[in-house]
Amino acid sequence: MADIKTLLAQFDDISRNPQRLLKEYVDSGEKVIACFPIYTPEPLVAAAGMVPMGIWGGQCNPQAAGKYAPIFTCSIMRSVLEFGMTGAYKGVSAAIMPIICDTLRGTNSAWRAGVKDIEPITFIYPQNRKDPGAVDFLIEELKTVKNALERISGREITDTSLQQAIALYNKKHAVMRAFCETANEHLDIIKPADRHHVMKAVTFLKAEKAIEMVVALTEALKAEPICKWQGKKVLLTGITCEPDEILGYFADNGIAVVGDDLAQESRQYRSDYPAACSAMESLALHWFAIKGCSVAHDDNNTARGDMLAQMAKDLGADCVVLCMMRFCEIEEYDQPSVITQVSKAGLMSFSIDIDQSTSESGQALTKIQAYAEN
Ligand code: SF4
């Protein structure tokens, strides 16, 4: 248990201090590439010998960002822009930005105007994933990212180095899935905030280090007696579920988080990079393997709701909590059909507002308490 406590404290510390980790990387001579949400092709960064670090905003009250991002910009992009404009990402060599929604399209222009010292590397994910030319289109887009990374690192990304990086990331995906599975047998130890800090810290760590730390935690958990959780269990869906205060509301009300479909957490580990004729094709095909995700268009409007209902049942959860990133039109679009499909499956659901400009949420607390008392 001491080991588990130590490991959880390390994850917690990393999750709360990405700037310190960034400084450590830069001070030791490494080049860091910031990775905007979501599905940024991190293996390309690793294959170029650089460090990919996720950027997921954070609690702040944006002031500078207001110059370029209107108030109805999603909360996460406002805080990312604020951090960029106020120097929080100082030392980063470039930022990869996948254009997956209209907000990111605008953020691209805002970033170029407001964050002069960090070059954005943009590319487009094709939303028509059935078009016969979509794979080739995406490969060409990814080549522009590859070329930019080679220029910044001064190192060629070969098919072999990219294959190795892809294998490493597929291993990381498997390790993260195994952690989530094991954590559910120890809900007395892994509280919602602990689970979140493990998942968030991993977005800042090099893949090798993330694998080492998460495997150590998973093994330590397996040595503990299995806990039969008697309280309620929920599945989270959305972009992120922060801050800790919200996760604390679940814990304080005896509710366990047994799974998630959060973009910041499990969504990025759900599908692997498939085997293909070339490493670049494998990287591209990942986009086409994604199912039930708000940012990857699916003609079947019920796919995500059906997937969440099945996930909740498999995990023993009786409720799906929609963590609604403020002003994320992509998530808002899915909300009605998710609620319909989940309730058709006989499960409960409710939405909570995720706003990175506040740390307290009376609305979320009231809804969580109401569910706990139901
Ligand atoms: S998908 Fe939603 S949260 Fe992400 S950038 Fe677009 S609008 Fe913002």
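Modeller: Ala34 stands opposite Met53 in strand 2. This is a predicted model, in which local features need pLDDT of at least 70 and side-chain atom pairs count only at pLDDT 80 or more, while totals for chains, interfaces and linings use all residues. Residues are numbered from 1 along each chain as its sequence is written.

Strand 1 (residues 32-35) and strand 2 (residues 51-54) pair in the parallel sense over 4 bridges. Two strands count as paired if DSSP finds at least two bridges between them; strands (E, at least two residues) and helices (H or I, at least four) are DSSP runs, numbered from the N terminus. From strand 1 the chain passes through helix 3 (residues 42-47) to strand 2, a right-handed β-α-β crossover. Right-handed here means that, with the strands pointing away from the viewer, the path from the first strand over the helix to the second runs clockwise.

Strand 1 also runs parallel to strand 3 (residues 94-99), joined to it by 3 bridges, and Cys35 stands opposite Ile96 in strand 3. The open sheet has 4 strands in the order 2-1-3-4, with parallel pairing. Its edge strands are strand 2 and strand 4 (119-124), each pairing on one side only. From one strand to the next the twist averages 25 degrees. Helix 5 (residues 102-114) lies across strand 3 and strand 4 and runs at about 155 degrees to strand 3. For such angles, axes are lines fitted to C-alpha atoms, for helices over the stretch in contact, and the angles run from 0 to 180 degrees between N-to-C directions.

Ala34 is also among the residues with the most contacts inside the largest nonpolar core, which has 119 residues; Ile33 and Leu44 are others in that group. A nonpolar core is a set of buried Ala, Val, Leu, Ile, Met, Phe, Trp, Tyr and Cys residues joined through C-beta atoms within 7 Å. Buried means that 20 or more other C-beta atoms lie within 10 Å of the residue's own, exposed means 12 or fewer, and partly exposed is in between, with C-beta atoms placed from the backbone. Helix 7 (residues 159-183) gives the most to this core, with 9 residues. Not counting residues up to four places away in sequence, Leu44 touches Val145, Lys146, Leu149, Ile157, Leu162 and Leu283; such a contact requires C-beta atoms, placed from the backbone, within 7 Å.

Terms used
Contact = placed C-beta atoms within 7 Å.
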